[in-house]
Amino acid sequence: MLDCAIIGGGPAGLTAGLYATRGGLENVVMFEKGMPGGQITMSSEIENYPGVTGHMTGMDLMIPWPEQCQRFGLKHEMSEVIRVSRREDGIFIVNKSDGSSDEAKSVIVCTGSTPKRAGFVGEDLYFGRGVSTCATCDGFFYKGKEVAVIGGGDTALEEALYLAKICSRVYLIHRRDTFRSAPNTIERVKNTSNIELVVNAIPEEVLGDKMGVTGIRVALKDGSTRHIDVPGVFVFVGNNVNNQVLLQEDGTFLCDMTPWGEVNVNLSMKTSVPGLFAAGDMRAEAPKQVVCAAGDGAVAALQAIAYVDEQSH
Ligand SMILES: Cc1cc2nc3c(=O)[nH]c(=O)nc-3n(C[C@H](O)[C@H](O)[C@H](O)COP(=O)(O)OP(=O)(O)OC[C@H]3O[C@@H](n4cnc5c(N)ncnc54)[C@H](O)[C@@H]3O)c2cc1C
């Protein structure tokens, strides 16, 4: 029986593994369906992880993390977890895609989330080379430059306001002429002089060259097209939370979730189910940053240690 099963090997899962093993849990396995490191490994540059001063890719940042954890006894199993369930006696069952399963006294779920793509031509080709889904991560690279933001919900408007403080101009491109956001956010956007609303406009293609993005072409309601020259395009059209492992056979979730499918946790990363913790991008109100995911993982692991200890006394 595992003391702790960690699902997902991104910054949250790896940090949970480090703290759980170094804090004395004996039998800890991190289940990761791919290579450890998480989604930051797709980033061509990370500037906002504390202590990083030179040029560093997301991959460079993450390479030493698994080795550090293994030194303290974390076991890594390359497996896809399909479901985590809990027996009446409080023991968790980790079901894997190869049909096998493991029992665990505690579980930390760190499966992350994936921003949705808008689906225009060139979006995937230029992702990480001018197309971004994270203003906090990449906004600074466009300091003093013009950028485009795609979307019309709360996140798109809030990120447009964030980018307007850094960039010289923000084109907010939305397929309708009304926004799905809080009225005061819409007001603030409309009153920000360097945000230009490009409404009733559908992004058709992001344009670029071998250096990256050079602009975006949008189709307007009157049938015409408009080219906007920008080196950065930020897409905010929703987020898929990787929460399937918590979905039970009867269609309910193992623990309380938000209406958007994120896991509700308290400040100790405890879910509504004793012994079950969630950390990183998949938990409610996550800032979706490496440093925050790592911090969550540490908190969750310390709580898992206390939980396992309590159960054995
Ligand atoms: C291009 C890009 C640039 C970014 N730039 C920055 C930046 O500059 N600064 C910053 O702080 N943040 C940045 N981020 C955000 C950052 O990557 C995330 O906030 C962080 O990785 C979240 O960590 P996590 O551990 O919660 O989830 P993830 O990193 O998403 O890791 C989750 C892991 O779980 C695994 N997994 C999922 N489901 C299963 C399953 N069923 N079974 C087994 N394993 C599973 C996945 O394979 C993945 O490895 C960027 C993200 C991207 C995509």
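Select Glu77, Lys96 and Asp102: a network of salt bridges links these residues. A salt bridge here is a side-chain nitrogen of Lys or Arg within 4 Å of a carboxyl oxygen of Asp or Glu. The structure holds eleven of them. This is a predicted model, in which local features need pLDDT of at least 70, side-chain atom pairs count only at pLDDT 80 or more, and totals for chains, interfaces and linings use all residues. Residues are numbered from 1 along each chain as its sequence is written, and side-chain values use heavy atoms, with hydrogens and water left out.

Next, pick Arg87 and Asp89, whose side chains form a salt bridge with an N to O distance of 2.9 Å. Arg87 is partly exposed at 32% relative accessibility; buried means under 20% relative accessible area, exposed over 50%, and partly exposed in between (1.4 Å probe, protein chains only).

Go on to Arg169 and Glu196, a salt bridge of 3.2 Å, N to O. Arg169 belongs to strand β10 (residues 169–173) and Glu196 to strand β11 (residues 195–198), so this pair ties together parts that are 27 residues apart in sequence. Helices (H or I, at least four residues) and strands (E, at least two) are DSSP runs, numbered from the N terminus. Arg169 is partly exposed, its relative accessible area being 27%.

Now show Glu204 and Arg217, where the salt bridge has an N to O distance of 2.9 Å. Glu204 sits in strand β12 (residues 201–209) and Arg217 in strand β13 (residues 212–220), so the pair ties together parts 13 residues apart in sequence. Both ends are partly exposed: Arg217 at 22% relative accessibility and Glu204 with a relative accessible area of 30%.

Is Pro203 buried or exposed? At 18% relative accessibility, Pro203 counts as buried. Leaving out residues up to four places away in sequence, Pro203 touches Phe120, Ile150, Ile173, Ile216, Arg217 and Val218; contact means heavy atoms within 4.5 Å. For Ile150, 53 residues away along the chain, the C-alpha atom is 7.9 Å from that of Pro203.

**Helix α5**

Select residues 154–164, helix α5, and colour its buried residues: Ala156, Leu157, Glu159, Ala160, Leu161, Leu163 and Ala164. These buried residues pack against α4 (135–138), β9 (146–150), β10, α6 (183–190), β11 and β15 (232–235).

**The ligand**

Finally, select the ligand and the 30 residues that surround it, of which the closest are Glu32, Asn48, Val81, Asp281 and Val290. The shell divides into 13 nonpolar, twelve polar and five charged residues. In this division Ala, Val, Leu, Ile, Met, Phe, Trp, Tyr, Cys and Pro are nonpolar, Asp, Glu, Lys and Arg charged, and the others, Gly among them, polar.

A polar backbone atom of Ala12 is 3.0 Å from an oxygen atom of the ligand. An N or O atom in the side chain of Asn48 is 2.8 Å from a ligand nitrogen atom. At Gln289, a polar side-chain atom lies 3.1 Å from an oxygen atom of the ligand. On its own the ligand has 1,000 Å² of accessible area, and the protein covers 92% of this (Shrake-Rupley method, 1.4 Å probe). To see which elements give two or more residues to the shell, show α1 (11–22), β2 (28–32) and α7 (290–311).

Definitions and conventions: A residue is near a molecule or strand if one of its heavy atoms lies within 4 Å of it. A polar contact is a pair of N or O atoms within 3.5 Å; within protein, one must be able to donate a hydrogen and the other to accept it, and residues adjacent in sequence count only if both atoms are side-chain atoms.
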